[in-house]
Amino acid sequence: MIFVLTGPESTGKTTLANHFSRTYNAPLVEEYARTFLENLNRDYTITDVIEMASTQLKMEQEAIKQNTSILFLDTDLITYSIWLKVKYNTTIDWVDDAISNQPNKHYFLCAIDVPWETDPLREHPNEKDRETLFQLHLSLLEKHQYPYTILSGSLDERIAKCKGTFEFISNNQSTK
């Protein structure tokens, strides 16, 4: 099963993805955008975002080929699709097509009810913008009818909710 941590910036996705990868001794596909942007010595462009999305997808596909029973993704193309729409008011066909043809994934959508942590790579500290980004993530998940769990509250509450979801999915898969 593939579990994706998604949602606006500064909502705990990476913390949770790293925690669960360690806890379950499972592979993790990290967010490529951070690596790319940390090594970029200029402002990024739409071409850069498309390149990041392409690399993110390739990393995900390579991890899926390993055929592990559980895989964690610290973001996926849904975030890139939203990024392209919000920043450049555009869509990219191959990104949208890839989103429409997802493998078996369960999304953990992180709510904005955690304190903003300043980071030079983050662009949306305003609560209204963060809520808009959350709603865009939610809309895409619902549009594609992908299973998701909204994570809110403290880190411990989010971890507990994820664990409950893991157990539920695991129990239902073993009874099929």
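For the charge entry below I count Lys and Arg as positive and Asp and Glu as negative, leaving out His and the chain ends. The model I am working from is a predicted one.

**Charges and surface**

With that count, I looked up the 17 positive and the 25 negative charges of the protein and found that their mean positions lie 2 Å apart.

**Overall fold**

I went through the secondary structure and listed seven helices and five strands for the protein. Read from the N terminus, the order of these elements is β-α-β-α-α-β-α-α-β-α-β-α. The radius of gyration of the protein is 16 Å, close to the 16 Å that the globule rule gives for 176 residues, so I recorded the protein as being as compact as a globular protein of that length. Along the principal axes, the C-alpha atoms fill a box of roughly 50 × 35 × 30 Å.

I also checked burial, and 46% of the 176 residues count as buried. For the contacts with a separation of 6 or more, I noted that 78% come from residues 24 or more positions apart.

**Helix α3**

My next entry concerns α3, which covers residues 46–65 and so has 20 residues by the numbering, with 29 Å from its first C-alpha to its last, close to the 28 Å expected at 1.5 Å a residue. Which residues of α3 are buried? I found D48, V49, M52, A53, Q56, L57, E60 and A63. I then asked what covers the buried residues of α3, and the cover includes the strands β2 (28–29), β3 (71–74) and β4 (105–110) together with the helices α2 (32–38), α4 (77–88) and α5 (93–100). Just after α3, I noted that N67 takes a positive phi of about 55°.

**Residue G7**

Last, I looked at G7, which is found in the loop between β1 (2–6) and α1 (13–23).

Technical notes:
Residues numbered from 1 in each chain as written. Predicted model: local features only at pLDDT ≥ 70, side-chain atom pairs only at ≥ 80, totals over all residues. Heavy atoms only, no water. Helix = DSSP H or I, 4+ residues; strand = E, 2+ residues; numbered from the N terminus. Rg over C-alpha atoms; globule rule 2.2 N^0.38 Å. Buried < 20%, exposed > 50% of the residue type's maximum accessible area, 1.4 Å probe, protein only. Contact = heavy atoms within 4.5 Å. Charge placed at Lys NZ, Arg CZ, Asp CG, Glu CD. Expected span 1.5 Å × (residues − 1).
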